Amino acid sequence: MRLFASGLRKLGRRLATWVTFGLLAGLLVLILIAVGATSDRAGANTAQRAAALGLITFPGAYDSILSFILGLGGLFGVVYGAAIAGSEWTWGTLKNAVARGESRARYVLLSFASIAVVIALGLLFAFVTGVAAALVAAGLANVPTSGLNDAATLGRLPGHLLKGWLAITEEAALGFAIATLARSQLAGIGAGIAFYFGETFAGIFLPDVVKYLPFNVATASVATSGSSSGGGFGGGGAQIAALDPSTALILVVAWLVGALAVAAAFTERAEITG
Amino acid sequence: MTGTNGLALATRGLQKRYGSRVALAGLDLSVPNGVVYGFLGPNGAGKTTTMRLLTGLIHADTGSIDVLGRPFGRGDRHRLFDVGALIESPAFYPFLSGRQNLVELAANGAPVPRGRVDDLLELTGLREREKDKVAGYSLGMKQRLGIAAALLNDPRLLLLDEPSNGLDPAGIVAMRDTLRNLADAGKTVFVSSHLLGEVQQMVDVIGIISAGRLVREGPIEDLLSGGGVVRVRVERNDVERSIGVLAGITGPDGATASTAEPGWISVRTTADRIGEVNRVLAGAGIWATGLESGNDLEQLFLELTGGQPPVGGEGTFFGVAGAEAGAARTDRGIGA
């Protein structure tokens with residue numbers, strides 16, 4: 001518990017945490033406010049205007065906001081996980097813990113547990129900020145907000161948020177494992193980003209294989225009914241026939257556990273020489 | 001509280017290779033309880049590899065380690081609860097303050113008593129800067145924080161790798177006093193250093209390692225009292241001339257200037273000729289301001305590690321002795 005609480009305190013004081021989730025929420029606010037402020041611009045046809053206003057019209061706005069967060073959040077999750085794990089090697093702070101007799105595997109797993117908690121908080125923060133921004137944007141565009149209290153949508157939200165959290169956590173675990181294997185913050189972030197986009201491009205040539213890979217299953221697991229590729233921000237490969245959400249969810253858990261097992265086993269056996 | 005056979009730390013036949021490079025070739029260390037042990041060796045001799053092995057950061061290919069009287073191998077991490085270590089350069093989270101780093105480090109391993117962090121910040125003189133981010137600390141301040149981190153769990157065995165790196169003179173004296181006090185309180189301090197003068201003042205026992213093997217180990221008084229060397233101090237601008245004069249009684253390679261202690265010359269001769277050394281110098285109009293018999297740690301170190309400097313006290317960075325060193329310098333065109 002001491003180690004877990006310590007992990008949370010460290011993440012809370014870390015600029016990377018605030019930048020990651022601040023950027024996610026900031027981009028969301030920027031887009032939604034821009035939509036609200038420019039909805040009556042000259043030259044836009046009715047279809048374009050309807051599509052734009054759909055982003056800030058409740059209850060559909062809930063799904064739009066969540067979709068944006070889960071799409072871009074995957075990339076942010078990879079980078080964040082890689083940054084945290086890689087820094088332990090780059091700064092040599094893992095060495096301190098091991099030399100104090102701390103269990104390597106416990107250190108890795110509890111460090112990640114604190115990352116998972118921070119992701120949950122960050123996700124909630126970004127979502128709440130997004131909803132607030134959508135309300136402001138709706139006001140700017142004179143769109144009614146009566147759908148805000150739509151019971152059916154609100155009832156589904158916790159489940160969607162939970163699945164979204166699991167998906168982003170799995171993607172963060174991938175970045176975490178990659179940076180651990182690379183034993184470097186910079187190399188871990190670079191490799192994580194390359195892996196993220198590489199999976200999208202690989203989907204063009206090997207769609208039947210790529211649909212089982214971590215970023216695609218994360219995207220598929222949060223897909224809402226009627227959408228084939230969920231969030232659709234990278235990693236998902238819009239042209240890939242996605243797995244059904246329940247199968248994808250099982251694979252998300254498998255990739256999450258696998259990534260953490262690899263990170264823990266590698267750290268347990270690694271020679272710490274930096 | 002004492003370890004097996006009175007040893008706080010023991011290694012037997014410790015071997016470690018990195019690929020084809022042999023870092024340790026059967027290291028046998030015996031560190032008694034309650035002493036300051038100086039672990040010396042040239043660059044690349046295997047000191048840091050030994051430190052890493054002793055803290056479980058890496059694992060030996062063969063051989064055994066006993067820490068505080070009990071075997072230490074994979075799975076024995078709890079043994080480190082009684083050990084404090086500063087390995088290589090101090091490592092901290094740059095975005096946290098000095099205090100926060102200690103608090104978070106204390107969350108690992110053995111529980112740390114309440115108030116311990118405050119005591120250590122006081123001891124290491126970091127109280128005034130405890131709230132500053134470590135990113136803004138100087139090397140010396142990081143080193144102080146590293147020493148504080150090593151002392152967090154009030155260890156029975158303290159392993160310090162070059163602890164005086166970056167410390168100012170006052171910091172070095174304070175560190176020396178702290179380490180001596182710890183040893184006087186029954187704790188064991190194992191310290192590697194390149195500062196031979198510093199080590200000579202601080203340690204009770206030394207171990208000298210070269211090419212991955214222990215070449216000499218024992219109480220420093222015993223090692224330095226072994227005859228064969230007279231040390232004489234003259235004015236600094238008389239050093240070169242003194243060496244020339246002393247060659248008359250010792251031969252051409254018999255006198256060398258100390259690089260660690262300017263003005264001191266080590267003369268290879270027996271202790272009973274100390275008066276003759278003084279007389280020869282006086283005859284040449286050079287007045288000795290200090291005379292003592294016994295080995296010089298620097299001299300002993302250079303002899304044992306194969307880094308014996310040629311006449312004139314000119315050292316070598318190439319780790320080769322005598323004629324080889326001369327050849328190396330000639331080959332590089334920096335000899336003449």
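**Notes on the predicted two-chain model**

1. B:Ser138 sits in the loop that runs between H3 and H4 of chain B, and in this predicted model the residue counts as exposed because 11 C-beta neighbours lie inside 10 Å, where 12 or fewer is the limit for that class. B:Trp287 lies 149 residues away from B:Ser138 along the chain, and the C-alpha atoms of the two are separated by 43 Å.

2. Helix H3 of chain B, spanning residues 116-123, has B:Val117, B:Leu120 and B:Leu121 as its buried residues. These residues lie on the same side of H3(B), because the arc they cover around the axis is only 100 degrees. They pack against H2 and against helix H4 (139-150) of chain B, while B:Gly125, which follows H3(B), has a positive phi near 70 degrees.

3. On confidence, the complex has an ipTM of 0.87 and a pTM of 0.82 from the predictor. The mean pLDDT of chain B is 84, and 88% of the residues score at least 70. Within chain B, helix H2 (residues 98-105) has the highest confidence, at 96, whereas helix H11 (residues 322-331) has the lowest, with a mean of 34.

4. Chain B is divided by the domain assignment into domain 1 (4-220) and domain 2 (226-331), with centres, taken over C-alpha atoms, that are 33 Å apart. The contact between them involves 11 residues of domain 1 of chain B and 10 residues of domain 2 of chain B. On the domain 1 side, helix H6 (196-202), strand S9 (205-210) and strand S10 (213-219) of chain B each give two or more residues, and H6(B) gives the most, with 4 residues. The class make-up of that side is 6 nonpolar, 4 polar and 1 charged residues.

5. Helix H10 of chain B (residues 297-304) is mostly covered, with 6 of its 8 residues buried. The buried residues are B:Leu297, B:Glu298, B:Gln299, B:Leu300, B:Phe301 and B:Leu302. Their packing partners in chain B include H6 and S9, two of the elements that also contribute to the side of domain 1 of chain B that touches domain 2 of chain B; strand S3 (36-40), helix H7 (220-225), strand S11 (229-233) and strand S13 (264-268) are also among the partners. After H10(B) comes B:Gly306, with a positive phi near 75 degrees.

6. Between the chains, the contact takes 23 residues from chain A and 23 residues from chain B. Helix H1 (2-12) and helix H5 (93-99) of chain A each supply at least two residues of the chain A side, and H5(A) gives the most, with 6 residues. By class, the side of chain A that touches chain B has 7 nonpolar, 7 polar and 9 charged residues.

7. Leaving aside residues up to four places away in sequence, A:Ile69 touches A:Leu24, A:Leu28, A:Leu123, A:Ala126, A:Phe127, A:Gly130 and A:Gly164.

8. Some backbone geometry deserves a check. Most residues other than glycine have a negative phi, and most peptide bonds are trans. A:Phe58 and A:Pro59 are joined by a cis peptide bond with omega of about 5 degrees, and A:Pro59 is located in the loop between helix H3 (46-54) and H4 of chain A. A:Arg183, although not a glycine, has a positive phi of about 55 degrees; A:Arg183 lies in the loop between helix H7 (151-182) and helix H8 (185-205) of chain A and is buried, with 20 other C-beta atoms within 10 Å. B:Glu88 likewise has a positive phi, near 55 degrees, and is found in the loop between strand S6 (83-86) and H2 of chain B, but with 17 C-beta neighbours inside 10 Å this residue counts as partly exposed.

Terms used:
Residues numbered from 1 in each chain as written. Chains lettered and ligands numbered in written order. Predicted model: local features only at pLDDT ≥ 70, side-chain atom pairs only at ≥ 80, totals over all residues. Domains from an automatic or database assignment. Contact = placed C-beta atoms within 7 Å. Nonpolar A, V, L, I, M, F, W, Y, C, P; charged D, E, K, R; others polar. pLDDT = per-residue confidence, 0-100. Arc of directions from axis to C-beta.
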